[in-house]
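Colleague: I have a model open and want to learn how to read it. Can you take me through the features one at a time?

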Amino acid sequence: MSPSALRPATAPAGAAPDAAQPAALRERLASHIQRRGALAVLVLMVAIASATSDTFPTWSNISSILGNNAFVWLLALGMTFVILTGGIDLSVGSLYALGGVLGAYGAHAGGTWLAIVLPLAVGAVWGSVQGLLVSRAGMAPFIVTLAGLLGARGLLQALTDEGATTYLVPPGAAFRSLGEGTWTPVLIVAALFVLGALLLTRTRFGATVTALGGNESAATLMGLPVARTKVLVYVLSATLAAAAGALGSARLGSGVTTIGVGYELTAIASVVIGGTLLTGGSGSIGGTASGVLVLAVIHNLIDHYFSQYGSAFTDTVNGAFLAVVVLAQTLLSRTRQTD
Amino acid sequence: MTPTTWPGPDLLDRARLTRLLQAYGVYAALVALFVVAAVLDSSFLSAGNVRIQLFQVAPTLMVALGMALVIGTEGVDLSVGAVIALAASVVPLYVGYGAPLAILIALVFGAVSGALGGTMVAFARIQPIVATLSLMIGLRGVAELINGNSAKPVMDSGLLSLGSDGFAGVPLMAWIAGVCAVLTALLVRRTTFGRQLVAIGDNRQASKLAGLPVRRVLVTVYVLSGVLAAFAGAMIVGHGAEADPANQGLNMELNAITAVVVGGTPLTGGRVRVLGTVAGALFMQLITAVLTQHNVHTSYTQLVEAAIICCAVYASQERGTR
């Protein structure tokens with residue numbers, strides 16, 4: 001939670017010159033595992049599952065993995081940017097639900113355009129308030145977005161008369177086609193992930209995000225627009241969460257008020273599994289894509305092999321998996337810093 | 001926060017006001033809330049209503065005390081809600097041997113999960129928020145695996161009396177929470193352990209260089225948080241007369257963090273306000289109760305809570321040092 005600026009400076013790489021060669025190799029290896037570990041695990045899991053199970057590699061199973069979950073993965077995309085700056089966004093689960101209700105309301109009241117614009121606008125405003133509180137008032141992201149989690153849920157309850165009113169997307173509305181089938185959701189989400197990756201690696205904004213997560217005071221001293229970038233990161237995350245919710249409502253056909261509880265935790269877990277450091281400054285969108293897929297495949301496999309234990313078993317495995325990944329990452333990044 | 005009465009205008013400088021607000025704001029707000037609630041509705045101060053509020057605040061307060069210690073070390077413990085679920089799943093298994101043993105075993109489970117989180121934080125140096133997040137996800141799963149999916153009724157007389165009996169007109173649960181608060185305050189103020197805890201929260205690196213047993217203290221703090229949460233779990237089971245690991249303790253981590261933060265303990269560590277935490281827990285409980293009693297919808301209650309958290313954190317920030 002503490003900004004990385006408060007961390008004591010790590011001792012300068014004090015490796016003796018003769019030990020530098022193997023150290024560099026080890027460092028490179030560790031960095032590789034950290035960046036591509038999730039992808040390797042994903043490939044391994046898919047290979048083993050395809051070889052040992054008849055049902056896993058079928059199209060109906062794969063399309064259920066992809067189509068049913070794809071929109072939720074957008075939360076992890078936005079979360080990656082926030083975590084790269086060293087922050088965290090706990091409000092995305094509530095905003096996902098809020099976006100769903102707003103999307104359904106928009107489709108019901110004004111058609112497809114309102115259904116798309118309304119959630120995006122509310123998400124952007126919500127995110128900018130959170131971002132301003134974090135960057136200008138200097139409040140801890142954890143607490144600001146925790147309040148955001150409560151507040152967005154409250155707003156959602158107020159909009160739906162305490163969950164009594166459910167807004168339906170009119171059958172046959174053009175908005176519905178955004179969420180139908182397998183390919184439409186997957187293509188939308190894949191396109192946004194590609195855009196996100198380009199934004200992070202090819203633009204000035206992306207470079208600033210990484211720089212400010214690495215060392216905020218250095219970024220400030222270099223004259224980078226730290227405050228503005230921080231606000232934008234929270235705007236991005238909240239807008240994506242609301243948009244994901246709206247697309248989810250297009251798939252489900254209504255704004256479900258009880259949805260989204262705990263989604264922020266899954267998003268954080270996906271980002272961390274994908275190799276992005278929670279301290280900020282290092283990570284990738286590709287890693288997050290691998291992270292969300294790893295969790296989705298685990299979920300699917302458990303449903304197949306251990307269905308008698310139900311979702312409780314999935315939670316247990318997810319928690320243990322996250323602990324192992326974080327442990328491995330900590331060890332790897334320690335090797336990289338040679339401390 | 002409602003403003004406190006300011007000292008004379010000559011003393012009116014910002015830093016001083018901020019410090020006063022940090023130290024006493026929550027008490028002033030609590031008193032103001034009491035007065036407003038009593039004026040609006042005279043039955044607010046009735047013995048029956050006070051008892052209900054005390055029953056509801058006691059488990060939250062227990063958890064918040066542990067959370068205050070963890071936050072004092074610049075950490076956070078997201079696993080407390082899951083530990084409550086774990087305790088709720090263990091209690092029915094052993095309640096046949098008597099309530100004391102069942103509670104004791106629940107406390108052991110709480111201690112073990114706290115030790116797990118503490119080890120990840122202290123030895124592996126994983127950030128507290130992620131270490132306890134993995135426990136939060138995993139432990140509720142374990143609890144549901146132990147208990148199965150449905151809620152189980154608990155009819156043991158010992159547990160039921162823990163959950164609903166009173167002593168001198170005050171619920172037993174509130175007495176226990178009060179004793180725990182006093183013990184926690186003594187622990188923080190009067191013991192070496194308390195000093196070390198605060199020092200580590202202030203500056204872990206310096207504490208380590210000064211030769212403090214940083215790892216041991218950190219693990220102990222998380223163990224204490226786990227034990228307190230497990231005890232709260234036993235209370236909740238006794239009060240509700242059922243064990244429901246799928247639902248009990250949900251959002252408890254948020255309520256506990258809120259109580260601690262509203263009580264004036266900074267999230268940056270290095271300071272633990274135990275009495276403030278008690279006041280914070282009472283304040284959040286009462287404001288929810290008051291709003292509900294006056295037919296304000298839960299949606300607006302949540303918005304109000306969110307606003308209070310923001311105000312409290314903003315007020316508790318140390319200025320000038322940035």
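Modeller: Start with elements. Helices (H or I, at least four residues) and strands (E, at least two) are DSSP runs, numbered from the N terminus. One case is strand β4 of chain B, residues 242-243, which holds E242(B).

Colleague: What should I know about the model and its numbering?

Modeller: This is a predicted model, in which local features need pLDDT of at least 70 and side-chain atom pairs count only at pLDDT 80 or more, while totals for chains, interfaces and linings use all residues. Residues are numbered from 1 along each chain as its sequence is written, and chains are lettered from A and ligands numbered from 1 in the order in which they are written.

Colleague: How many helices and strands are there in chain A and in chain B?

Modeller: Chain A has 13 helices and 0 strands. Chain B has 13 helices and 4 strands.

Colleague: How do I read burial, and is E242(B) buried, partly exposed or exposed?

Modeller: Count C-beta atoms, placed from the backbone. A residue is buried if 20 or more others lie within 10 Å of its own, exposed if 12 or fewer, and partly exposed in between. E242(B) has 18 such neighbours, so it is partly exposed. By chain, 49% of the 339 residues of chain A count as buried. For the 322 residues of chain B the figure is 51%.

Colleague: Which residues does E242(B) contact, leaving aside its neighbours within four places in sequence?

Modeller: First the rule. Two residues are in contact if their C-beta atoms, placed from the backbone, lie within 7 Å. Beyond those sequence neighbours, E242(B) contacts A151(B), K152(B), P153(B) and V154(B). E242(B) and A88(B) sit 154 residues apart in sequence, with 8.4 Å between their C-alpha atoms.

Colleague: How do I read contact range over a whole chain?

Modeller: Take contacts between residues at least 6 apart in sequence. In chain B, 78% of them join residues at least 24 apart. In chain A, 81% of the contacts with a separation of 6 or more link residues 24 or more positions apart.

Colleague: How do I judge overall dimensions?

Modeller: The globule rule is 2.2 Å times the number of residues to the power 0.38. For the 339 residues of chain A the rule gives a value near 20 Å, and chain A has 21 Å, which agrees with a compact globule. For the 322 residues of chain B the rule also gives a value near 20 Å, and chain B has 20 Å, which agrees. The C-alpha trace of chain A spans about 70 × 55 × 35 Å. The C-alpha atoms of chain B fill roughly 65 × 55 × 35 Å.

Colleague: Why is helix α11 of chain B described as largely enclosed?

Modeller: Of its 11 residues (252-262), 10 are buried, so the rest of the structure largely encloses α11(B). Among the buried ones are M252(B), E253(B), N255(B) and V262(B). After α11(B) comes G264(B), with a positive phi near 95°.

Colleague: Which residues touch the most other members of the largest nonpolar core?

Modeller: A nonpolar core is a set of buried Ala, Val, Leu, Ile, Met, Phe, Trp, Tyr and Cys residues joined through C-beta atoms within 7 Å. The largest has 194 residues, and L75(A), A87(B), V91(B) and I309(B) touch the most other members. Helix α10 (residues 214-240) of chain B gives the most to this core, 17 residues.

Colleague: And where do the two chains meet?

Modeller: 39 residues of chain A contact 40 residues of chain B. On the chain A side, α6 (141-159), α11 (263-273) and α13 (311-337) each give two or more residues.
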